[in-house]
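This report describes selected local features of one protein model.

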Amino acid sequence: MENVVSVQKKKSLIERFLDGVEKAGNKLPDPVTLFVIMAFVILGLSWILAQFHVSAVKPGTNERIEVVNLLNQQGLIKILNEMLTNFTSFPPLGMVIVSMLGIGLAEQTGLIAALMKKSVMSAPQKLIIPFLILTGLVGNLAADAAFIVLPPIAALIFMSIGRNPIVGLIITYAAIAGGFSANLLISSLDVLLLGITESAAHLVEPGYIGRATMNYYFLIASTFVLVALGTFVAHKFTIPRFGEYQGEAEKLEPITPLEAKGLKWAGIVTAIYVIIILIAVVPSNGILRDPKTGGFLSSPFMTGIVPIMLFLFLLPALAYGIVTKVLKSDKDVADKMFKSIADMSSFIVLAFVAAQMIAYFGWSNIGPIMAIKGAEALQAMNFTGLPMIIGFIIICAGINLLVASASAKWALLAPIFVPMFMYLNYSPALTQAVYRVGDSITNPITPMLAYFAILLAFAKRYDKNIGIGTLISSLLPYSVVFSIGWIILFSIWFLLGLPLGPGDSIYLK
């Protein structure tokens, strides 16, 4: 009788590395716990560094900044008295909740799902891949809803045209995750990151006021670059890898007449709303222009972008819900808005602890001193300019493999890097743009992103034996190509000194 030897397939170096990343990431505490730990670390450091009288001289002035001990009587009283104010005045809190009232209602009524299905199904077959990628990028306007809605729709579309549905899953997930910061419109992420960036900039310049559009020009250009790169990767790697689908084909159900009617009225309402906004903004004497100068950059439109975004989603969602009879009364509207905010409970808890940590960091003066010392060290090593920026992108991309939350990472990194770059004469808009590139490019390959597990569940519907390694190896080319292409784009943008957004340049004015 022959001896049967079981030979286990040896894992590739990339698979072994990613297994290690996954294990390491699973050992990290919850983001809430992580912020609590960081808060206590800052308090402890404030006591230790104050004992050694650590200080720095603010560039351009003779002002000496010293570390403030937060564990003495005065510091402890401040912590107790300011805890509520820290939370309620935390910039991202109100911005995100208000934005999500509209986005959440659009998701709950089914408007977002119907809109994505309609837009993708109407694309010509030859353009289906770039159109899917573009839809994935723009779909981030609806925050995380795109991860849930678009990949299964793309899979059914690919199956209906005789292609492997897993290819559709891979392409759309890579676009949504890898291009998470790229968009043609201002999204809730712009608003969320702005609040954190603004808070960090106040450590250097208390009067600094940022705009949600601070990276808008760069992100528009990034969208078209990523569409081209994603299309290249899909044809070069993804389609050949999976070949023909051998399972039973399913058909994507078309938009129902009622849904089509709902979309029509949602479109009409959106058009009317946009026209009203344009009338209020375009003329030099428009009511949403600066009443004193007639300018646009410092206008009520720019400062009121969050409520404007709220109604951009809220009004079409109401129209769609009423026409499709999803919303039959004011109680239905209220219930669905309650549900959209209830889904944000984890963010509210995270915002509370993050607000305390950031406040302690600011009170202690550790952030500004670290920024000044870091800027001095970088200047001494002559490691500034583009090499420093590319290095920061790589650092952010590496951290993203272990901590997937864009807001959690930025809340930790912004208080250090925004002031550090400001002391080197780079604007907060530049630091945020650099972070957004690094935060996005490794999203497709990190198992720490919650939606990676959902992608695996979608894929197992078509291949029950598919594993994490297969998905990672299929998504890896997108991360690599997006990284190279995006860094090249940013390098060109930096070297040409192009504005990052309306009124926001690379350098401080």
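This is a predicted model: local features need pLDDT of at least 70, side-chain atom pairs count only at pLDDT 80 or more; totals for chains, interfaces and linings use all residues.

## Salt bridges, patches and buried positions

Aspartate 504 counts as buried, with a relative accessibility of 9%. The side chain of aspartate 504 meets that of arginine 211 in a salt bridge, at 3.2 Å from N to O. Aspartate 504 belongs to the segment after α21, whereas arginine 211 sits in the loop between α9 and α10 (216–242), so this pair ties together parts that are 293 residues apart in sequence. Arginine 211, at 21% relative accessibility, counts as partly exposed, because the buried class ends under 20%.

How many salt bridges does the structure hold? There are two. Besides the pair already described, aspartate 190 forms a salt bridge with arginine 436, and the closest N and O atoms are 2.8 Å apart. Aspartate 190 is in helix α9 (residues 188–201) and arginine 436 is in helix α19 (residues 428–441), so the pair links parts that are 246 residues apart in sequence. Aspartate 190 is buried, at a relative accessible area of 3%, and arginine 436 is likewise counted as buried, at 1% relative accessibility.

The two salt bridges are set out below.

| Aspartate 190 | Arginine 436 | 2.8 Å |

Serine 474 and arginine 241 are joined through their side chains by a polar contact of 3.1 Å. Serine 474 lies in helix α21, which spans residues 468–496. Is serine 474 buried or exposed? At 4% relative accessibility, serine 474 counts as buried.

Which residues gather in the patch of positive charge? They are Lys261, Lys264, Lys325 and Lys328. Of these, lysine 264 is found in helix α11, residues 257–281, and is exposed, with a relative accessible area of 54%. That value places lysine 264 in the exposed class, because exposed means over 50%.

The nonpolar surface patch covers about 510 Å² and is made by Trp47, Ile48, Phe52, Leu71 and Leu76. Tryptophan 47 has its place in helix α2, residues 31–51. With a relative accessibility of 43%, tryptophan 47 counts as partly exposed.

Methionine 420 is placed in helix α18 (residues 406–423) and counts as buried at 10% relative accessibility. The C-alpha atoms of methionine 420 and isoleucine 372 are 6.3 Å apart in space, although the two residues are 48 residues apart in sequence.

Isoleucine 128 has its place in helix α6, which comprises residues 128–139. With a relative accessible area of 4%, isoleucine 128 is buried. Isoleucine 128 and alanine 154 are 26 residues apart in sequence, and their C-alpha to C-alpha distance is 9.4 Å.

Terms used
Residues are numbered from 1 along each chain as its sequence is written. Side-chain values use heavy atoms; hydrogens and water are left out. Patches are made of residues with over 30% relative accessible area and no salt bridge: like charges are joined within 9 Å, nonpolar side chains (Val, Leu, Ile, Met, Phe, Trp, Tyr) within 5 Å. Accessible areas come from the Shrake-Rupley method with a 1.4 Å probe; for residues, only the protein chains shown count as cover. A salt bridge is a side-chain nitrogen of Lys or Arg within 4 Å of a carboxyl oxygen of Asp or Glu. Lys and Arg count as positive and Asp and Glu as negative; His and the chain ends are not counted. The place of a charge is taken as NZ of Lys, CZ of Arg, CG of Asp or CD of Glu. Helices (H or I, at least four residues) and strands (E, at least two) are DSSP runs, numbered from the N terminus. Buried means under 20% relative accessible area, exposed over 50%, partly exposed in between (1.4 Å probe, protein chains only). A polar contact is a pair of N or O atoms within 3.5 Å; within protein, one must be able to donate a hydrogen and the other to accept it, and residues adjacent in sequence count only if both atoms are side-chain atoms.
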